[in-house]
Amino acid sequence: MTSHFESIEQVVTELAEAHYIADRALATVLFLAYQLQKPVFLEGEPGVGKTEVAVVMTRLFDTKLIRLQCYEGLDASTSLYEWNYPKQLLQIRLEEQDGKKIDEIEKIIYSSRFLIKRPLLEAILTSDEKPPVLLIDEIDRSDEEFEAFLLEVLSDFQITIPEIGTIKAKKRPIVIVTSNRTRDVHDALKRRCLYHWIDYPSLDKEYKIIMTKLPGIEDRLAEQVTRFMKKIRVVDFVKKPGISETLDWIQSIIAMHRQYLDEEVVVETLGCILKYQEDIKKFKEEIWANKDERATYI
Amino acid sequence: MSFSFRRYLRSRHNITQGMRKAKISTGHKNTGVLIKQGLAGKVARFADFLKAHGFNVFQSSVHDAVRGLIKIDISKREDILAALRANFATNNLEWSLFEDLFDEFQHQIQLTEDTPQTELPLKREAQKELPDLEVFSDAKTERASEIEIEEKKEWLEGVAYSPVSTIEKKDLARFDKADIRLAQLALKKIIKTFKIHTSRRYKGKKRSGKIDLARILRQSLKTGGIPLKLFFREKKKRLKRLVIIADVSGSMDRYFRFVIPFLLGLRGVGSRAEVFAFSTSLTSITFMLRHMDIEEAITHISLEVPDWSGGTRIGYSLHQFSEKFGRKLLNQRTIIIILSDGWDLGGKELLKREMEKLNRKAKIVIWLNPLAGEPGYQPMCKGMKIALPHVDYFLPANSLESLIRVGRLLSKVMIY
């Protein structure tokens, strides 16, 4: 199925059909991104479904997902392209034995055979036929030089390789940039994007998400879990559990052949929702130690 | 509250309808242009409004917002809000403020629109009949924005236009609850101007490090593919480590709220900085700050740090620091920042000894004292008097303006 976003309503329904429960605001942003051909900049706490947006878009447009995971020290040669130097060296040796001239050799070794295509170049090359979804994940982890470089690429999807020439994408890929907000991303980059902040889901939304992601689940368990998560997210934890934690948790409960939540299950599977020793300690001491408190959670 | 974008458009729509009926057959495109013109003015005014509230608004966002609004059905408040927000908000602070500001703007516009409407019924009539006279509506818009500017004069002077503004000079402790967020936005802007670069990129080197194959090959082309020269590369690492020791006793938490995010927000520095809080004893809060919002962190610290807002023992706390963390954190690649007003109830001898040790072991010791911002400040209290000779830089940190100076100093001394 290939999609064309015609209206916001359509985006909402299509996202729902693709098992992604989104609020209208996000649908609006995605709609605009498609219509205006602008990248989307998604921010939010870990585990609220930022990366998932890109995956769903890939499914909706029946295209390829090209993912660029950012890290400190990421640079042009690992994100755009690089010449395969060892292979070139070997080729030079071989060609020299044949007695070829430097000019000829140069032509051979600087052909696309020796070009290692990294995600950004691949996105540009493949978007001529069917624009892929380009996911630039956790941009906040990369350094500023890379940000500046990315800016250049995102503004016109054009790359110049000195030895080959300029390559320009005829159509623009759908670009989704995500950030965990460990640092502020430069304004110039944000200016080129549509910004959206994904919050923790509401009770209703989380319930819907559970029901679509895990269709076979007991109604009672889903309800219990959503209520539990809603309560637990109010507590001041170092890392509050996101939706991915909710889904993990339910899956582990099901794997343990339990049909509903009780005190025993919670303690046994606490590691699924709380990921820091401090949080687990806090939960056990401040919440679970109190009987009345315990009862309100289940 | 009826939605005035819609109203505005409806009137636009009527105009074009009327025009069609009257004589000229305007193409679909023309309608779009007209709508766009009306919208553009409104969006531009909204952008100014946001700017006045401390938002970082780009010219291109206004353009994009208009383009976006044209694409969507403008009858739903929710959709307009979402479309505008996607274009104008650039961080979650702005995101959270957006909806309220949006409504406030709507409200204001209604007020300003209603007045001229009653005053100038004739003009409105004229407008209906002469649709292409955009001038009228422009004049109206201008007048409205004049009124708005008058109302918001304080804001404009405060944040948007004057560089050294009142907000920058205001004592950080005097911000009330409502202003805190505004000041935090201003702080974010200030932080952005400082760039302290660290880099893990490779840098060419003559003799040691990893072999730089790319460069060897490039250079070997000169000699027909035979690599005659070897090149190496190594990672650049150029930043000192920042250690912040912050006093959280008494009224210092008000300054803490601004100074700490400022220091941690400085690019390149913040992510590696270690932060300690002390009152009568010392606690590491690096972990906490990394995972929490500053307001959350303050509530947390007040619970976890013993005697929050109690007396202060600077000497003992510094002693704890050098005992526990000194081996790791105290060396010539460290810059220590102490944030304290200098009121000390602990032993003077210990403070002197510890300050000497800090000064000897760390590269640079900076003392930030909010009180020092007051005109005619003299280090009267004993603690400050003892510490002062062992401090390399003594700066006030009581306003956004003085924080800019701290930032400038740091961007000089952090690099080696």
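**Exercise 1. Find the partner of B:D64 in chain A, and give the distance between their closest N and O atoms.**

Solution. Start at B:D64. Its salt-bridge partner is A:K38, and the closest N and O atoms are 2.6 Å apart. The term has a cut-off: a side-chain nitrogen of Lys or Arg lies within 4 Å of a carboxyl oxygen of Asp or Glu. Now count between the chains. Chain A and chain B share four salt bridges.

A note on the model before going on. This is a predicted model, in which local features need pLDDT of at least 70 and side-chain atom pairs count only at pLDDT 80 or more, while totals for chains, interfaces and linings use all residues. Residues are numbered from 1 along each chain as its sequence is written, chains are lettered from A and ligands numbered from 1 in the order in which they are written, and side-chain values use heavy atoms, with hydrogens and water left out.

**Exercise 2. Describe the interface between chain A and chain B: its contacts, its area and the elements of chain A that supply it.**

Solution. Step one: count residues. In chain A, 45 residues are in contact with 42 residues of chain B. Contact means heavy atoms within 4.5 Å.

Step two: take the area. The size of an interface is often given as the accessible area lost when the parts come together. Here the buried area is about 4200 Å², and carbon and sulfur atoms give 57% of that. Buried area is the accessible area (1.4 Å probe) that two parts lose on being put together, summed over both.

Step three: look for polar pairs. Eight residue pairs between the chains are in polar contact, both residues at pLDDT 80 or more. A polar contact is a pair of N or O atoms within 3.5 Å; within protein, one must be able to donate a hydrogen and the other to accept it, and residues adjacent in sequence count only if both atoms are side-chain atoms.

Step four: name the elements. On the side of chain A that touches chain B, at least two residues each come from α1 (8–17), α2 (24–36), α5 (85–97), α8 (144–156), α9 (187–191), β9 (194–198) and α15 (277–288). The largest share, eight residues, comes from α2(A). Helices (H or I, at least four residues) and strands (E, at least two) are DSSP runs, numbered from the N terminus.

Step five: sort by type. This side of chain A divides into 20 nonpolar, six polar and 19 charged residues.

**Exercise 3. Compare two salt bridges of chain B: B:R77 with B:E99, and B:E354 with B:K357.**

Solution. Take B:R77 and B:E99. Their side chains meet at 3.2 Å, N to O. This pair links distant parts of the chain: B:R77 is in helix α4, B:E99 is in helix α5 (residues 92–119), and they are 22 residues apart. B:R77 is partly exposed at 30%. B:E99 is partly exposed at 34%.

Now take B:E354 and B:K357. Their side chains meet at 3.8 Å, N to O. Both residues lie in helix α17 (residues 348–361) of chain B, three residues apart, about one turn of the helix. B:E354 is buried at 3%. B:K357 is partly exposed at 22%.

**Exercise 4. Where does A:S142 lie, and which residues does A:S142 touch?**

Solution. A:S142 lies in the loop between β5 (133–137) and α8 of chain A. Its relative accessibility is 2%, so A:S142 counts as buried. Check the side chain. A polar atom of the A:S142 side chain lies 2.8 Å from the backbone oxygen of A:I139. List the contacts. Not counting residues up to four places away in sequence, A:S142 touches A:C70, A:Y71, A:E72 and A:R183.

Notes: Ala, Val, Leu, Ile, Met, Phe, Trp, Tyr, Cys and Pro count as nonpolar, Asp, Glu, Lys and Arg as charged, and the others, Gly among them, as polar. Buried means under 20% relative accessible area, exposed over 50%, partly exposed in between (1.4 Å probe, protein chains only).
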